[in-house]
Amino acid sequence: MLFRILCLFLVLVFLGPVHGGPLMDLHPNMTDQELFWGTDQYDFSVVLPAAGLECFWHFAHRGERFYLSFMVQWVTGVGHDRHLSVTVNAPSSLIVSTVDDAKGQINFEAEETGFYQMCFNNFHNRFGTMQVFLSFGVYYDGYKDAATRQEEEKKKKQEVSKDLNNTLSFIEDATHKVENHVFHVFRYYSFGRMRKSADYFLLLSNSRYVTWWSVALGLLIVASGYLQRLFLQRLFVTQTGTEEEKKPRC
């Protein structure tokens, strides 16, 4: 009995790490294009240090729409320059689009399949940080490649010509159109939320600016009034004493 338990323990010890190791390929039967296929959207904020550079990558297929929206929310430091340099590079390292402004939108049709690089450079502010709100993603007018869409369109035309009461194809097309419109609604909503947050941070900055300047001017007015009072008092100072003390001596 003890010999069997010992043998079972040895088998578990030596064979466990081999069969229980980490799974490197989660989807062995799927290609990269099938794995990354789909409409997606990402919204988040990132803080860029002084003269800092941050880059992000996003996958897109050829023939689909890639978009990027950004807006500077707040800036700290000496210069307070709100300009941001944004560059989008294709998978072949070619520059697709560049923008140098406090806010902007980039929208183009992907000509290559792969990961597109988005770089945000804060070289305008050498001594200040900034927070940037980002919204980027990919949306698809069709959910399959061009060849498959053409074949399906031909089949649909043949089916419609044969049977006009085939409502499933019309329902499917309408569903995809509604999904596309809803996606764009959320996209514009995120851009509006981006502008609202930027206005909020601008109001906070202006409030702090007005508060500190009001305190400084109040202290300056009090100090100037006190100095004027001392100066006027010295003008009306009278000397007290006898006439002999007031006479000048030789």
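**View 1. The second largest pocket holds about 260 Å³ of space.** This is a predicted model: local features need pLDDT of at least 70, side-chain atom pairs count only at pLDDT 80 or more, and totals for chains, interfaces and linings use all residues. Residues are numbered from 1 along each chain as its sequence is written, and side-chain values use heavy atoms, without hydrogens and water. A pocket is an open set of points on a 1 Å grid over the protein atoms alone, where a 1.4 Å probe fits, with protein on both sides within 12 Å along at least five of seven lines. Its volume is the space filled by probe spheres set on the points.

View 2. Lining residues have an atom within 4 Å of a point. Among them are Trp74, His80, Arg82, Phe201 and Arg208. Helices (H or I, at least four residues) and strands (E, at least two) are DSSP runs. The largest share, five residues, comes from α4. By type, the lining has five nonpolar, four polar and two charged residues.

**View 3. Cys55 and Cys119 form a disulfide.** A disulfide is a pair of cysteine sulfur atoms within 2.5 Å. Here the sulfur atoms lie 2.3 Å apart. The link is right-handed, with 105 degrees about the S-S bond. Cys55 sits in strand β2 (residues 53–60) and Cys119 in strand β7 (residues 114–121), 64 residues apart. The whole structure has one disulfide.

How values were computed:
Ala, Val, Leu, Ile, Met, Phe, Trp, Tyr, Cys and Pro count as nonpolar, Asp, Glu, Lys and Arg as charged, and the others, Gly among them, as polar.
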